[in-house]
Each structure stands twice: as structure tokens, then as C-alpha cells.
Amino acid sequence: MSVVRSYNHYIDGGPKKSLGQGVIARHSSAHGGHLADYAAGNQHDVDAAVAAARSAFNGEWGNSTGERRATILNRFADLLEANVEKLATIEAEEVGKPIRFARGEVMGAANLTRFAAALAWQLSGEAFTHLGPDKLGLVTREPCGVVGLITPWNFPLLTLFQKLPYALAAGCTVVLKPSEFTSGTSLEVAALATQAGVPAGVINVVTGTGDAVGSAIVAHPDVDLISFTGSTRVGKQILRAAADTVKKVALELGGKGANIVFADADIEAALDGVLLGFTFNQGQLCVAGSRLLVESSIAAAFVEQLAARAGRLRIGLPLNEDTDIASLIHQGHVESLVRHVKTAQEEGATLVAGGKRLGGEFENGFYMAPTVMTDVRPDMRLFRDEVFGPVLSVTTFDTADEAVSLANDTEYGLANGVWTKDIDKALTVSRCLRSGTVFVNTYLEGAPQMPLGGFKQSGLGRENGLEGLHEYTELKSTVIKTGSRAPVLGHTM
Ligand code: NAD
């Protein structure tokens, strides 16, 4: 058994002992071994972190040039890449995800950091020169100030790097609270940022629970913006709590994506995409395609082939190179998935594959095989709830209108997929889907320059792209009186 990693908070440029009591122990969800201990922070730790962040903001960082911030961010990206094995191993162990995909997450984080570095050079505003002969209007973007970042456990690095480099590029300073299940990589990258030249106090990490640390950050009067990724339930609590101090709030919340497969699709590609959409990261994915909507004429054959492919995925330990599916985040989660399957059966759904917690060689972990359920109607909980595991609900349709109306019949609006070789149908259906992302003949692809975010109850605001930078800025209008004499065209003063 490897050594248990033991972490303090990271405040003002280095590890800081907690002012709170106790530790949070993280045990592997794959084999039960003790992986790490984090400090259980409290309000006093948050106060110290916010004070450090405010002082760094008022000092050098808030006034630094875009060029300087870009240079440091590029060094930070280099260090993320240089530490890919260490970071990926921690991420794989703490989340319970296959190491191959954890490596991809680290490289994705480095990519996002380079993209944000490029944006730091370009922060600019507007000048209005036609307000009258004696007036000039300037619209400038200023950093928001101290921002609170709160992140979930499913993609600790990726969700963090859809926020952190943009906040830094804008000139903000940060107080971060990672998930209490997976805080390791957030603490490691804070130390790498210091190594890259990020000044003390610019990135502060306070570990602990949402109730003790997360809510203290949200309520803090000296925090200017909260950027949260997590469940819609907690997002709503944060929105309400932020009202007391009228903070800006950006929310990346849950989803219930549909993959719509028409009979004229490339069936092989669609099978791959649908499988990926509900099994990647053990289905613990905000943009999961957890509902399959399939045209009636091909439904039976499609589901049969899909179940066969799902059965061939390799289930294993997170650190095994050939593992496709590893463990779910904790015991309560796997139990809730099994309950969802049972409820769906009681409501009339048919279990085609999976459906049970795995025992045998996996009995010390929280494993579930890919699960496919047919005969799912829109009134069932499986169709409506964000189940957040490798569980696919299957519903059939006969027309494109019916497919769109089924896909949109959810309170969420994060991502959907469309599979057809008919370009007119693909574009028309994409336009009608009420979600921030639509994948056409592919699933889960993206790029740092493309904004990510939700319609409806999937969130507020956008991450990535230029919009992802602008989230961390405030606009200021400055009206300048330039003198009372009107210039006379064609004459010198
Ligand atoms: P969660 O909402 O339970 O927790 C998210 C974070 O909020 C954690 O750090 C938690 O400690 C903290 N928190 C909990 N209560 C809080 C409170 N009252 N005040 C402040 N902070 C609090 O979510 P989770 O279970 O960690 O993650 C899974 C959820 O995240 C899913 O719903 C998933 O869809 C969503 N998610 C969304 C995106 C996206 O980009 N839209 C990405 C990843 C995950």
C-alpha cells in the first residue's frame, strides 16, 4: 500500500495548518485503501484565505500587465504537463477513474491554461468618439476582484481549469474550495502555480465540506464573485445565499442530455457515441447522454448491439492501463444508482443490461456495470432525474418533432446529441434543442475557444471562450470631458 498523502490548506503562497478541527480522510472507492487526509477547514480558514487574496489583488496581481500574466500562465501550463503522471495518478485514485482518462484531463487543463494565457494579452475595451466634440467615452474591463471557486468531484482538474486560468488571466485572485472527496490535485496545482511564478496570495485553497467552507466563501462580504460547478440543488442554495451580499454568481450545474439517433445515421458511429456518452467517467458526467432517443424502426437492433458493446467494456482498477470503467465515487452513490434502477423497473421499464452493484473481485469497491433500460416513458424518474452513473434510459420516437419534444422535456439544458446523415435534419433539430451544447454525429468533443454552459436549470453564464474570460471582469464606463472648445474641421488649434 502506498503512503497516505497528508495535506494542509494552501494560503498565501504555501501550506497552512488548519484553524479548524480534524481531518477528512479519503479512501479509495475502488479498493478501500486510505489515500489521503485533507484539513477540515472552517470560517477562520476562509477569512485568512480571503484576506490573502484581497491583499494580492490590491497589490501586484490586480495591476499586473496582461503580458506578465500570460507569461506566468504559460509556465504554469508547462509545469502541469511536466507533472502529468503525478497529477493523473492522484486524480485517478481519488476519483476512481481510469488513469488513461485522468492523463487526458491533465493535458486538457494545460491546454485551457495556454488558451487563457493568449486571452490575457487581448483584454481590451471600447472607445466612443462621437459623443460630442468635447467628450470621450471609454469602456474598460477590470478584474472582478477576489473570486470564490467551488468545484465538484467528477472532474476535479477539468472543472477547475475551466475557471482558474481565466480568473488569473483577468487579474483576479482566487479562494478555491475543491470537493471534499477529491481535493488532492487542487492542492498540488496550487503549489505548481507558485513554482510557475504566481505571486503569494493569488491562489488560495481551503479544503473541507460545503457546509463549513463552501457556504463561508459564498457568504463572505469581501468575495466579489462565486463560480460554482456542481449539482443544481446546491447551485440554487448558492444563488439564494449570494443575494445577501449581491455577488455575481456563475453556475455550471447538472444535465440530462439526450442522444437522438435517427434511422439514417451512421449506425456504427452512433453506437460508439452513445456508449461513450453514458459510460465515460462511469457516467458521472454533467454532459452525459443519459437518455437515448432512438427511431422506432431501428430501436430493437440498435439496443441489442449497444448492450453487447457495453458488455465488452473492461471494468477494472483505476491505475490499470486497460481499464475502461472504474469505480463510482462513494457507497451512497452506487446505492442510489441501484435504487434508481429498481424504481424504474417498478414504474414499467425493462432492464436489458447491468443494473447491479458488482461483487467478487470488486466487492471492496463501488462498481456498477453499464446499465441499459428500455420502455422508459417521460413521466418516469429515470427519464427526468440526473442519475449520474453508467445508466442509460431508452425511449423510442417516430418523427423528428417527437424527438425534439422528448429531448426538451427536461428541466435541464446542458448538452444533447444528434445522429443522422441528413444535414438539413441535423441543423434543424440542433436549432430546436434547448441546450448550451449540441453534438452532431459525435459526442463529448469540444475546444477551449467554444463556450460551455447551460440553458434552463443547467446554469448561468459560460465558461471557456472569450466569454469565459469576460465572466471574471467588471465593465466600467468612463466619460471624459476634453475641453469646451469645439474643434473646427480643417483648422489647426
Ligand atoms: P455538489 O453540488 O454536491 O458539490 C459541489 C461542490 O459544492 C463541492 O465542493 C461541495 O462541497 C460544495 N458544496 C456543497 N454544499 C455547498 C453549500 N451549501 N455552499 C457552498 N458549497 C457547497 O456536486 P458534486 O456531487 O460534487 O458533483 C456532481 C454534480 O456536479 C452533478 O450534478 C453534475 O452534473 C455537476 N457538474 C456540472 C458540470 C458542468 O459543467 N455543468 C461539470 C461537472 C459536474
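1. The C-alpha centres of domain 1 and domain 2 lie 31 Å apart. The assignment for the protein chain gives domain 1 as 5-253 + 454-478 and domain 2 as 258-440; such bounds come from an automatic or database domain assignment.

2. This is a predicted model: local features need pLDDT of at least 70, side-chain atom pairs count only at pLDDT 80 or more, and totals for chains, interfaces and linings use all residues. Residues are numbered from 1 along each chain as its sequence is written, and side-chain values use heavy atoms, with hydrogens and water left out.

3. Contact between the domains involves 30 residues of domain 1 and 36 residues of domain 2 (heavy atoms within 4.5 Å). The buried area is about 2700 Å², with 57% from carbon and sulfur atoms. Buried area here is the accessible area (1.4 Å probe) that two parts lose on being put together, summed over both. Trp-153, Phe-455 and Lys-456 supply 22% of the area that domain 1 buries against domain 2, more than any other three residues.

4. The rule finds two salt bridges across this interface (a side-chain nitrogen of Lys or Arg within 4 Å of a carboxyl oxygen of Asp or Glu). Separately, the side chains of Arg-100 and Asp-324 form a salt bridge, at 3.4 Å, N to O.

5. On the domain 1 side, helix H3 (84-95) and helix H4 (99-122) each supply at least two residues that touch domain 2. H3 gives the most, with five residues. Helices (H or I, at least four residues) and strands (E, at least two) are DSSP runs, numbered from the N terminus.

6. The protein chain has 16 helices and 21 strands. Its radius of gyration is 24 Å, close to the 23 Å of the globule rule for 493 residues, so it is as compact as a globular protein of that length. The radius is taken over C-alpha atoms; the rule is 2.2 Å times the number of residues to the power 0.38. Along its principal axes, the C-alpha trace spans about 80 × 60 × 40 Å.
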